Amino acid sequence: MDRFRKPRLKMVETQIRARGVTDERVLAAMARIPRHLFVDEALIEQAYNDNPLPIGKSQTISQPYIVALMTAALKLTGKEKVLEIGTGSGYQTAILAELAEQVFSIERIAQLAAEARKRLDALNCFNVAMRVGDGTYGWREESPFDGIMVTAGAPKVPKILLEQLAVGGRLVIPTGGRISQDLLRVTRLTADLNEIKTEVLCGCRFVDLIGEYGWDA
Ligand code: SAM
């Protein structure tokens, strides 16, 4: 048993369930995945705190509650094909790998992607395919996706990502300004892209999504 089990279970109860995330599969995944293995050794004691943490290259591992909220918003049952844009530390990827059938994850910073891959392999997350590059283009060869999660803030919803969503699929994405955004869930209702449902889940603050359909570097 690892010495972080207690703080991890406390994180799930006090930061996540207490704030209204009730999807038991999401709660179980967050209770199981060792978040402390996704942060630098120097920050290990802070891994289960109620805040984001730096992961190098001016990027962050998101606050546990936000990871849970975004994951729950995809309403995964275990059969889905999911695209994640912004692998970062790989923590959110590992959670998705527990809850979906296949995960495709794109990270623009090669060093972060390499570190994430090592962590995911160490945890036997063999249903994760990764790519280094500009994720704002999506991963068309593997589309359609039942869920797409963007873990960096975009100026607006990239249409190219909606095109890669299956009918009935959900896209979770922070959009707005560079300082703060709204976390959106966009559901593709029909093959016609004019029929989408957009819900605002909460206000949030993410690092920039940088790329062709994001912000300039
Ligand atoms: N979910 C991650 C975790 O659990 O550690 C945190 C992701 S961090 C908030 C956002 C990530 O998005 C950063 O690693 C950043 O390099 C990446 N990113 C930004 N723009 C991107 C793009 N166009 N394509 C792929 N990754 C991008």
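Author: Ala, Val, Leu, Ile, Met, Phe, Trp, Tyr, Cys and Pro count as nonpolar, Asp, Glu, Lys and Arg as charged, and the others, Gly among them, as polar. By that division, the lining of the largest pocket in this predicted model holds 15 nonpolar, 13 polar and six charged residues.

Reader: Which residues lie nearest the centre of the largest pocket?

Author: They are T60, S62, T151, F206 and V207, out of 34 lining residues. About 540 Å³ of space lies in this pocket.

Reader: What makes R8, M11, V12, Q15 and I16 of helix 1 count as buried?

Author: Buried means under 20% relative accessible area. These five residues of helix 1 are buried, so each falls under that cut-off.

Reader: Why are these residues said to be on the same side of helix 1?

Author: The buried residues R8, M11, V12, Q15 and I16 are on the same side of helix 1 because they cover an arc of only 110 degrees around the axis. What covers them includes helix 2 (24-32), helix 3 (64-73) and helix 4 (91-99).

Reader: Which exposed residues does the face turned away from the buried side carry?

Author: That face of helix 1 carries K6 and K10. Exposed means over 50% relative accessible area, so K6 and K10 lie above that cut-off.

Reader: What span is expected of helix 1 (residues 5-16) at 1.5 Å a residue?

Author: For its twelve residues 16 Å is expected, and helix 1 reaches 16 Å from its first C-alpha to its last, close to that value.

Conventions:
Residues are numbered from 1 along each chain as its sequence is written. This is a predicted model: local features need pLDDT of at least 70, side-chain atom pairs count only at pLDDT 80 or more; totals for chains, interfaces and linings use all residues. Side-chain values use heavy atoms; hydrogens and water are left out. Helices (H or I, at least four residues) and strands (E, at least two) are DSSP runs, numbered from the N terminus. The expected span of a helix is 1.5 Å times one less than its number of residues. Buried means under 20% relative accessible area, exposed over 50%, partly exposed in between (1.4 Å probe, protein chains only). The arc is that of the directions from the helix axis to the C-beta atoms. Contact means heavy atoms within 4.5 Å. On a 1 Å grid over the protein atoms alone, a cavity is a set of points where a 1.4 Å probe fits but cannot get out, and a pocket is an open set with protein on both sides within 12 Å along at least five of seven lines; lining residues have an atom within 4 Å of a point. Grid points are joined across faces, edges and corners, and a volume is the space filled by probe spheres set on the points.
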